[in-house]
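Trainee: Please take a close look at one part of this model for me, namely the space left between its atoms, and then connect that part to the rest of the fold. I would like the cut-offs spelled out as you go.

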Amino acid sequence: MKFVFLMDPLDSIVVEKDTSYILMLGAHRRGHEIYYLAPGNISLLEGSVRFRVERVTPTTDSNAPVITHEATILTGGDVAAVFIRTDPPFDNDYLAHTWLLDQLPASTLVINSPSGLRTVNEKIWATQFTDIIPRTLVTRSKADFLDFLNEEHQLILKPTDGYGGQSIFHVKQGDSNAHVMFETVTAAGTRDAIAQAYVPEASVGDKRILLLAGEPLGAVLRVHNDTDHRNNVFAGGSTEATTITQRDQVIIDTLKPHLAELGLLFVGIDIIGDRLIEVNVTSPTCLQEINRLENQTLEDTIIASVEALVAERVICQH
């Protein structure tokens, strides 16, 4: 099968952390052809989606993790699966990619579904599940924010489109910097922000659970360092082994039918204590960290699932 990876530049791969890379490597091990698709290299001609790609071979050499071969053009009908793995933010370019990928033939699987990606803002979408999230305010009003801070005493404040731990603030009632934090995150009141009641268990870390077709693949606890409150690995956090609790499973079971309806196959959810914090659908990470801690090769499980779904689509087309 031909697998296309729409992702950030190949020279940005971090071999020991990159989930896109390990998915490519897993697909290559299982005999598939791997193609790199740079953002902006999707075209639409007379209803046919065209990809200007490079065939690549992933390796286990950390100095040269990917060998590039010839450039070529593939049409949608040539491709078994497209992995959308570009990092957020979900901007106009990202949106345009999803519109173009909507035009692929039904036989081509897209992970994750373009329409699902458009529907799910990774921070706002979860707010509908009020029973499993912290008390949450979405606003660009400073007055509303300050009232909420007075009610909750401690908040986590972040942008609605942030990623990688960027611009996440821990705000406490009476903090003289509360105003400037809010103004920074909302760009002086011109953009919405997320304010969530602080969950005390954040002091011991947050749990990333990877889901495949709504079922847990594995989990990892992300722990902040001594100089930063953020647990995100890309913000300097470390990882520890953890387990999926009964409460975690309740959260997973709540989300599963919604994820299935939206065509969101590979998802990462973040849980602190007994509360869901975010639902990550654009390019979930931490696969390699879970592999190392649990002595797994979970990329094989993901690729096998993709193979089965592609086979089902081919049968349906006939």
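Mentor: The count comes to 1 cavity of 30 Å³ or more, where a cavity is a set of points, on a 1 Å grid over the protein atoms alone, at which a 1.4 Å probe fits but cannot get out. The model is a predicted one, in which local features need pLDDT of at least 70 and side-chain atom pairs count only at pLDDT 80 or more, while totals for chains, interfaces and linings use all residues. Residues are numbered from 1 along each chain as its sequence is written, and side-chain values use heavy atoms, with hydrogens and water left out.

The largest cavity has a volume of about 40 Å³, a volume being the space filled by probe spheres set on the grid points, which are joined across faces, edges and corners. Lining residues have an atom within 4 Å of a point, and here they are Phe83, Ile84, Arg85, Ile111, Asn112, Phe266, Val281, Thr282, Ser283 and Pro284. By class, 6 of them are nonpolar, 3 polar and 1 charged, with Ala, Val, Leu, Ile, Met, Phe, Trp, Tyr, Cys and Pro taken as nonpolar, Asp, Glu, Lys and Arg as charged, and the others, Gly among them, as polar.

Turning to open space, the second largest pocket holds about 330 Å³, a pocket being an open set with protein on both sides within 12 Å along at least five of seven lines. The second largest pocket is lined by 21 residues, of which Leu109, Val110, Ser113, Gly263 and Arg313 are the closest to its centre. At least two lining residues come from each of strand E7 (109-111), helix H3 (114-119), helix H6 (246-261) and helix H8 (298-317); helices (H or I, at least four residues) and strands (E, at least two) are DSSP runs numbered from the N terminus. This lining comprises 12 nonpolar, 5 polar and 4 charged residues.

In one, Asp102 pairs with Arg118, the closest N and O atoms being 2.6 Å apart. That pair links distant parts of the chain, since Asp102 sits in the loop between helix H2 (92-101) and E7 whereas Arg118 belongs to helix H3, 16 residues apart. Asp102 is partly exposed at 36% relative accessibility, as is Arg118 at 30%, where buried means under 20% relative accessible area, exposed over 50%, and partly exposed in between (1.4 Å probe, protein chains only).

Asp248 forms a further salt bridge with Lys207, again with the closest N and O atoms 2.6 Å apart. Because Asp248 lies in helix H6 and Lys207 in strand E12 (residues 206-212), this pair ties together parts that are 41 residues apart in sequence. Both Asp248 and Lys207 are buried. Shared partners, moreover, join Asp206, Arg208, Arg222 and Asp270 into one network of salt bridges.

Finally, helix H7 (residues 287-294) deserves a look, with Leu287, Gln288, Glu289, Ile290 and Asn291 buried. H7 is followed by Asn295, whose phi is positive, near 55°.

Terms used. A salt bridge is a side-chain nitrogen of Lys or Arg within 4 Å of a carboxyl oxygen of Asp or Glu.
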